[in-house]
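Welcome! Here is a short briefing to read alongside the sequence and the 3D view.

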Amino acid sequence: MTNVMDHHSKRGMFLENDVNESNSYYRECKRALIYKKPTPVQVVRVDYPSRNKAKIVEAYYRTPSTTDYNGVYKGKYIDFEAKETKNKVQFPIRMIHSHQIEHLKNVHYHGGIGFFIIRFNAHDKTYLVDAQELISKIETTSKSFIPYSWFEENGIVIKEGLYPRLSYLDAVDAKYFKEDK
């Protein structure tokens, strides 16, 4: 029998692995300095069956994390959230949490670059979408989802390859550094 928690905890892991590999590549070639943020966890109980086999058996999230990634690119602070869905026709808004929206609004307020990387597995496409544009869409729609067509119209398709796995900084350049070209 498959544990439901195991199934749900694996959601988004493929995209996350692709972003992590891309970030490693970007750091190695000194293009950007971007890291996955650690999730703040409060350890409550640890079992010590032996000295070298400590096992955390109970822990809680201390506070809701903000977004998945942050760092510096071309002298600008960047901050983003990566989401992945199997849905073919829409992106469920419930996948983006209110504390993430507030955080990305604050990033924008302070002059940083905030965005979402959204992968539609059914289409085998990954999009970069400006945080302000997606948040505006979320706050003005009466539906519980955003149609896939919105991402086709408003997002930038991120090219996939070997190195980097996701060329999302090319999409960042196209969206936020147009004058540099």
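Lys30 is exposed, with a relative accessible area of 74%, in this predicted model. Lys30 sits in the loop between helix 2 (13-28) and strand 1 (33-36), and its phi is near 60 degrees, a positive value in a residue other than glycine. The points below take you from the backbone to the whole chain and then to the aromatic rings.

**Backbone details**
- Asp124 also has a positive phi, of about 55 degrees, although it is not a glycine.
- You will find Asp124 in the loop between strand 7 (113-120) and strand 8 (125-130), and its relative accessible area of 63% makes it exposed.
- Tyr163 and Pro164 are joined by a cis peptide bond, with omega about -10 degrees.
- Pro164 belongs to the loop between strand 10 (156-157) and helix 6 (168-176).

**The chain as a whole**
- Six helices and 10 strands make up the secondary structure of the chain.
- The chain has 181 residues, and 36% of them count as buried.
- Among contacts with a separation of 6 or more, 62% are between residues 24 or more positions apart.
- The chain has an accessible surface of about 11300 Å², and carbon and sulfur atoms account for 52% of it.

**A nonpolar patch**
- Leu33, Tyr35 and Val72 make a nonpolar surface patch of about 280 Å².
- Tyr35 lies in strand 1 and is partly exposed, with a relative accessible area of 42%.

**Aromatic rings**
- The count of aromatic pairs comes to 16.
- Phe91 and Phe120 form an edge-to-face pair, 6.5 Å from centre to centre with 65 degrees between the planes.
- Because Phe91 is in strand 6 (residues 90-92) and Phe120 in strand 7, this pair ties together parts that are 29 residues apart in sequence.
- Phe91 is buried, at a relative accessible area of 0%, and Phe120 also counts as buried, at 0%.
- Phe120 pairs with Tyr148 as well: the ring centres are 4.7 Å apart and the planes are at 80 degrees, so this pair is edge-to-face.
- Tyr148 lies in helix 5 (residues 148-154) and Phe120 in strand 7, so the pair ties together parts 28 residues apart in sequence.
- Tyr148 counts as buried, at 7% relative accessibility.
- One aromatic cluster is formed by Tyr25, Tyr26, Tyr69, Phe80, Phe115, Tyr163, Tyr168 and Tyr176.

**Lysines over rings**
- Lys36 lies over the face of Tyr69, 5.4 Å from the ring centre.
- Lys74 lies over the face of Phe177, 5.1 Å from the ring centre.

How values were computed: Residues numbered from 1 in each chain as written. Predicted model: local features only at pLDDT ≥ 70, side-chain atom pairs only at ≥ 80, totals over all residues. Heavy atoms only, no water. Helix = DSSP H or I, 4+ residues; strand = E, 2+ residues; numbered from the N terminus. Buried < 20%, exposed > 50% of the residue type's maximum accessible area, 1.4 Å probe, protein only. Contact = heavy atoms within 4.5 Å. Areas by Shrake-Rupley, 256 points an atom, 1.4 Å probe, with all protein chains shown as cover. Patch = residues over 30% accessible without salt bridge, like charges linked within 9 Å, V, L, I, M, F, W, Y side chains within 5 Å. Salt bridge = Lys/Arg side-chain N within 4 Å of Asp/Glu carboxyl O. Phe/Tyr/Trp six-rings, centres within 6.5 Å; stacked < 30°, edge-to-face > 60°. Lys NZ or Arg CZ within 6 Å of the ring centre and 35° of its normal.
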